[in-house]
Amino acid sequence: MIDGKMQSAETDEFVYHECLIHPPLIYHPNPKTVFIMGGGEGSAAREVLKHKNIEKVVMCDIDQEVVDFCRKHLSANSEAFRNERLDLIINDAKAELEKREEKYDLIIGDLADPVEGGPCYQLYTKSFYEEILKPKLKDSGIFVTQAGPAGVLTHKEVFSSIYNTLRNVFKYVVAYTAHVPSFVDTWGWVMASDQPFVLEPNQIDNRIEERIDGELLYLNGTTFLSSTVMNKIVHQGLMNETHVYTEDDARFLRGYGKAYGA
């Protein structure tokens with residue numbers, strides 16, 4: 001927990017991280033290079049590195065203290081932190097991505113939720129996606145981001161806005177959800193590309209079998225495609241959303257967590 005807000009739980013973080021990482025890697029025809037914005041606990045890198053065809057993973061997190069803590073205490077991610085394919089950078093992800101010349105097959109937003117006064121909300125804006133992030137993707141590249149609570153009562157907080165913002169930047173955008181018990185809500189992710197997302201369940205399962213070392217605990221082809229089907233309320237909320245994230249007009253999660261002094 002950070003400032004009283006749940007970040008991750010060892011018992012169920014695999015749900016969140018499998019949903020964040022594997023769909024875009026499976027849909028990409030042949031991913032080799034990945035840039036992770038955030039991801040300090042190492043779980044996102046761990047899941048990426050399960051893919052045998054990945055050659056390089058850049059993980060850029062702004063918080064050295066979080067990275068050091070997770071490297072020391074989260075034994076499930078020890079191998080990922082030691083993997084020679086991982087390039088760990090401590091920096092602001094926006095600044096790091098902007099200064100790099102190379103392009104990536106996949107860019108991942110494993111970021112904190114957009115909160116007022118926090119460091120991350122600018123990484124959910126249309127200008128960031130359009131001017132900094134998208135130019136760093138290769139032609140067949142895919143972007144995926146965590147997108148906050150996506151429940152019947154919570155999907156309009158930020159999920160629908162992130163989805164609509166990406167629809168204004170990319171040709172093809174897919175939202176999907178899953179229940180994460182430790183978050184006490186349904187959670188949302190959005191992936192986006194200028195190439196269509198077209199795979200049948202058996203094709204997804206075949207790519208999982210061919211590409212991944214080990215076995216996924218949560219995702220398979222049928223599970224993923226079912227996760228893209230929203231209930232009527234959430235679906236209508238996404239389709240009717242008009243808000244676009246900008247620096248001057250952002251939506252924030254409020255009332256989540258509380259900091260306590262020692």
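This is a predicted model: local features need pLDDT of at least 70, side-chain atom pairs count only at pLDDT 80 or more; totals for chains, interfaces and linings use all residues.

Trainee: Which residue of β2 is the bridge partner of Val-34?

Mentor: Go along the pair in steps. Thr-33 has its bridge partner in β2 at Lys-56. For Val-34, the partner in β2 is Val-57.

Trainee: Is β2 largely enclosed or open to the outside, and how many of its residues are buried?

Mentor: Buried here means under 20% relative accessible area. β2 covers residues 56–61, and it is largely enclosed by the rest of the structure because the buried ones number 5 of the 6.

Trainee: Which are the edge strands of the sheet?

Mentor: Read the order of this open sheet of 7 strands: β3-β2-β1-β4-β5-β7-β6, with mixed pairing. The twist from one strand to the next averages 15°. An edge strand pairs on one side only, and that picks out β3 (86–90) and β6.

Trainee: How do α1 and α8 cross: roughly parallel or roughly perpendicular?

Mentor: The axes of α1 (residues 13–27) and α8 (residues 201–211) come within 10 Å, with a crossing angle of roughly 100°. Angles of 65 to 115 degrees count as roughly perpendicular, so α1 relative to α8 is roughly perpendicular.

Trainee: And what classes of residue make that contact of α1 with α8?

Mentor: α1 brings Leu-25, Ile-26 and Tyr-27, while α8 brings Ile-204, Arg-207, Ile-208 and Arg-211. Sorted by class, that's no polar residues, 2 charged and 5 nonpolar.

Trainee: Which element gives the most to the largest nonpolar core?

Mentor: That core has 41 residues, and Ile-36, Val-48, Ile-108, Trp-189 and Met-191 touch the most other members. The biggest contribution is 8 residues, and it comes from α1.

Trainee: What does Val-48 touch, leaving out residues up to four places away in sequence?

Mentor: Contact means heavy atoms within 4.5 Å. On that basis, Val-48 touches Ile-21, Leu-25, Val-34, Ile-36, Ile-54, Val-57 and Ile-108.

Trainee: Last one: what covers the buried residues of α7?

Mentor: α7 (residues 159–167) is mostly covered, with 8 of its 9 residues buried. Among those buried are Phe-159, Ile-162, Tyr-163 and Leu-166. The covering elements include α6 (126–133), β5 (137–149), β6 (172–180), β7 (185–193) and α10 (232–240).

Conventions: Residues are numbered from 1 along each chain as its sequence is written. Side-chain values use heavy atoms; hydrogens and water are left out. Axes are lines fitted to C-alpha atoms, for helices over the stretch in contact, and angles run from 0 to 180 degrees between N-to-C directions. Helices (H or I, at least four residues) and strands (E, at least two) are DSSP runs, numbered from the N terminus. Angles under 35 degrees count as roughly parallel, over 145 as roughly antiparallel, 65 to 115 as roughly perpendicular and the rest as oblique. Ala, Val, Leu, Ile, Met, Phe, Trp, Tyr, Cys and Pro count as nonpolar, Asp, Glu, Lys and Arg as charged, and the others, Gly among them, as polar. A nonpolar core is a set of buried Ala, Val, Leu, Ile, Met, Phe, Trp, Tyr and Cys residues joined through side-chain atoms within 4.5 Å. Buried means under 20% relative accessible area, exposed over 50%, partly exposed in between (1.4 Å probe, protein chains only). Two strands pair if DSSP finds at least two bridges between them.
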